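I opened this entry to look up the disulfides. My notes follow the structure.

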Amino acid sequence: IVVLTKLPGLFWVYLIFNALISPFFQQTGLLLEWAHVDRVGPTEELELTFALKQQNVHLLEEKLRLVSDPDSVQYGKHLSLEEVASLVRPSDLTEKVVHRWLQSHGITNCLTIRTQDFLQCTMTAETAERLLPGSRFHRYMRDGHYLVRSSAPYSVPDDVHHHLDFVGGLHRLPPKGLDLSKKQKSKAGFHLGVTPAVLRTRYNLTSADVGSVQNNSQAVAQFLEQYYHPADLAEFMAMFGGAFQHRSEVDRVVGTQGGGKAGIEASLDVEYIMSTGANISTWVFTNPGDSGAGCRHLGKENTFRPSFPASSPYVTTVGGTSFKNPYKVTYEVTDSISGGGFSNIFKMPDYQTTAVNSYLKTVAASLPPKSYFNTSGRAYPDMAALSDNYWVVINRVPVPWVSGTSASTPVVGGMLSLINDQRFMKGLPALGFLNPRLYKLNGKALFDVTEGCHYGCLDEQVQGQGFCAAPSWDPVTGWGTPNYPALLAVLLSD
């Protein structure tokens, strides 16, 4: 989920990612879900993305820290997009080397962005394989959906690799969508599932908690090559949005909406960010598998597999919960599919060291073996929300029992959009990157979740169990779930 707020002279991007798994398929067996169709023909066109090395990344990180720390005099003084672009734009040498390399292979059909650090280029498969030695492009299919990916690693010339971070469009395959088969038996018809009304009851939002200012907006980014249908959104709001003021249309779609049937995750994201962050201008950016702690099999030994981008220290990651009594609005417990753990790539950021170390010390006796996770890595999630048994309208049909952190994330995103709405009314800047402030709250204004564990490796040592919830912060539900009026109050006080 990307919550995007624009103010005159300001550009603020706030990323919230649900705990999804989308690793390279060679490393995870994800390819087993896809059937090989054929080798791509030499003249078939491909689209690849080239990430150019940015400049001054350390300065950008420092600026982010200062504008996100409520104790800093620079808090809330966000950079404009132009200021970000001037700071991180690749050097003239990097641009020259990469463009010359592409042009030497006849590649000239490229698009770029304001910061000049990404190039999206179209070329034939034959050209791509000459450009990236080792790559071999094949077509794969799953559930009637086709993708082209390379079945082997690629390389670039020595004089080029110093100027590139990566080439996108070769290896990643989207994880399988939400499972609609998770149906629970109804007890005498009492269970109706999670709807906007249920969420507003649990998290204490009233019918008056809707957007009202003109300079606020929120957005959903769709990375799974799924699409929502405007008719589904209108139907959803007609069914579930009668108790509060809302919008029934997305204001702008950036990119191209695909044809065919709507995607369940795309529909879920749009419908729930617009019903929680109700009456706020919404954009959709179109092209964030739930698996608990995950599991990587390394020969005879296993280790947990952190997900990305959920494990990035620069995003607010949302875990998942269920009602203790699934047929009533009760307190929440861990949803066993909630993603969480410790990054093997990113070190633990300063803003969370006290909370995470306290957890590791408090539950030391019940932790999984240390060989399964990196105690010094970025720990996630940061907070959580209900992720179980949602109602969604897809292809004009109301569908119950939809579950996953793809549900909890837009709910939290919508609430933060409402809080921004109130901040703008008071003349305050957008929240920006929430984590430094969230961790300084030390759990204040959130419902602590202390029961339940999520999935881990199915082996003799951990027997399918990952981490477990505990008082205060934990790597299953973070600080807990939002109590909206209390969270609004603390985040309005600057």
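**Disulfide notes**

I began with Cys 468, which counts as partly exposed at 22% relative accessibility. My scale calls a residue buried under 20% relative accessible area, exposed over 50%, and partly exposed in between (1.4 Å probe, protein chains only). The model is predicted, so local features need pLDDT of at least 70 and side-chain atom pairs count only at pLDDT 80 or more, while totals for chains, interfaces and linings use all residues. Residues are numbered from 1 along each chain as its sequence is written, and side-chain values use heavy atoms, with hydrogens and water left out.

How many disulfides does the structure hold? I found 2 disulfides (pairs of cysteine sulfur atoms within 2.5 Å).

**Cys 453 and Cys 468**

A disulfide joins these two, with S to S at 1.9 Å. I read 95° about the S-S bond, and the link is right-handed. Cys 453 sits in strand β23 (residues 453-455) and Cys 468 in strand β24 (residues 465-468), so the pair ties together parts 15 residues apart in sequence. I took strands as DSSP runs (E, at least two residues), numbered from the N terminus. Cys 453 is partly exposed, with a relative accessible area of 27%.

**Cys 110 and Cys 121**

Here the S to S distance of the disulfide is 2.1 Å. Cys 110 belongs to strand β5 (residues 110-112) and Cys 121 to strand β6 (residues 118-124), so this pair ties together parts 11 residues apart in sequence. The torsion about the S-S bond is about 110°, so I noted a right-handed disulfide.

Is Cys 121 buried or exposed? Cys 121 is buried, at 0% relative accessible area. Cys 110 is partly exposed at 23% relative accessibility.

How values were computed. Helices (H or I, at least four residues) and strands (E, at least two) are DSSP runs, numbered from the N terminus.
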